[in-house]
Amino acid sequence: MDAIQSLFLNDTVIDEIETFCANDPELVRRKQRFYSTADEIAKLAGHDLYDAFEKSLGDYLYRTADLYYLYGLGLRQEIFRTLGTGG
């Protein structure tokens, strides 16, 4: 029971996830490739158009992440209810 609670009631989880991600060489390579490609597109399309694209893509991805997070919160509450721990 303590392991499940520590999984969901962890104040340092964001830092742990960031560290975990930063240690993944594939993510680092993909990030570098993304920024390289983004620079090329910005040069071709112009700063204003690329900026508008990046902002709209960011809005879309952030909203998707928010919804995944909210779904996870609901799942967490259901797990706590099932285990009888409140939540």
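## Burial and surface

Of the 87 residues in the chain, 5% count as buried, where buried means under 20% relative accessible area, exposed means over 50%, and partly exposed covers what lies in between, judged with a 1.4 Å probe and protein chains only. The accessible surface of the chain comes to about 7,600 Å², and 60% of that surface belongs to carbon and sulfur atoms; accessible areas come from the Shrake-Rupley method with a 1.4 Å probe, and for residues only the protein chains shown count as cover.

This is a predicted model, in which local features need pLDDT of at least 70 and side-chain atom pairs count only at pLDDT 80 or more, while totals for chains, interfaces and linings use all residues. Residues are numbered from 1 along each chain as its sequence is written, and side-chain values use heavy atoms, with hydrogens and water left out.

## Helices of the chain

The chain contains 4 helices and 0 strands, and from the N terminus on its elements run α-α-α-α. Here helices (H or I, at least four residues) and strands (E, at least two) are DSSP runs, numbered from the N terminus.

Helix α3, residues 25-45, has 21 residues and reaches 30 Å from its first C-alpha to its last, which is close to the 30 Å expected at 1.5 Å a residue; the expected span is 1.5 Å times one less than the number of residues in the helix. Just after α3 comes Gly 46, which takes a positive phi of about 95°.

## A nonpolar patch

Val 13, Ile 14 and Ile 17 make a nonpolar surface patch of about 260 Å². Patches are made of residues with over 30% relative accessible area and no salt bridge, and they are built by joining like charges within 9 Å, or nonpolar side chains (Val, Leu, Ile, Met, Phe, Trp, Tyr) within 5 Å. Val 13 is found in helix α2, residues 13-22, and with a relative accessible area of 31% this residue is partly exposed.

## Salt bridges

The structure holds 4 salt bridges, a salt bridge being a side-chain nitrogen of Lys or Arg within 4 Å of a carboxyl oxygen of Asp or Glu. One of them links Glu 26 with Arg 29, whose closest N and O atoms are 2.7 Å apart, and these two residues both lie in helix α3, 3 residues apart, or about one turn of the helix. Glu 26 also meets Arg 30 in a salt bridge, at 2.8 Å from N to O, and this pair likewise lies in helix α3, with 4 residues, about one turn, between its positions. Glu 26 is partly exposed at a relative accessible area of 30%, as are Arg 29 at 48% and Arg 30 at 47%.

In helix α4, residues 47-83, Asp 51 and Lys 55 lie 4 residues apart, about one turn of the helix, and their side chains meet in a salt bridge of 3.3 Å, N to O. Asp 51 is partly exposed, with a relative accessible area of 24%, whereas Lys 55 counts as exposed at 54%. Salt bridges that share partners join Glu 26, Arg 29 and Arg 30 into one network.

## Aromatic pairs

Rings of Phe, Tyr and Trp (its six-membered ring) pair if their centres lie within 6.5 Å, and planes under 30 degrees apart count as stacked, those over 60 as edge-to-face and the rest as tilted. By this rule the count comes to 2 aromatic pairs. The rings of Phe 34 and Tyr 35 have their centres 5.2 Å apart and their planes at 70°, so this pair is edge-to-face. Phe 34 is partly exposed at 38% relative accessibility, and Tyr 35 is partly exposed with a relative accessible area of 46%.

Tyr 50 and Phe 53 form a tilted aromatic pair, with 5.9 Å from centre to centre and 50° between the planes. These two residues are 3 residues apart in helix α4 and are therefore separated by about one helical turn. Tyr 50 is buried, with a relative accessible area of 10%, whereas Phe 53 counts as partly exposed at 42%.

The side chain of Thr 82 reaches the backbone oxygen of Glu 78 at 2.8 Å.

Key. Polar contact = N/O pair within 3.5 Å; in protein donor to acceptor, adjacent residues only side chain to side chain.
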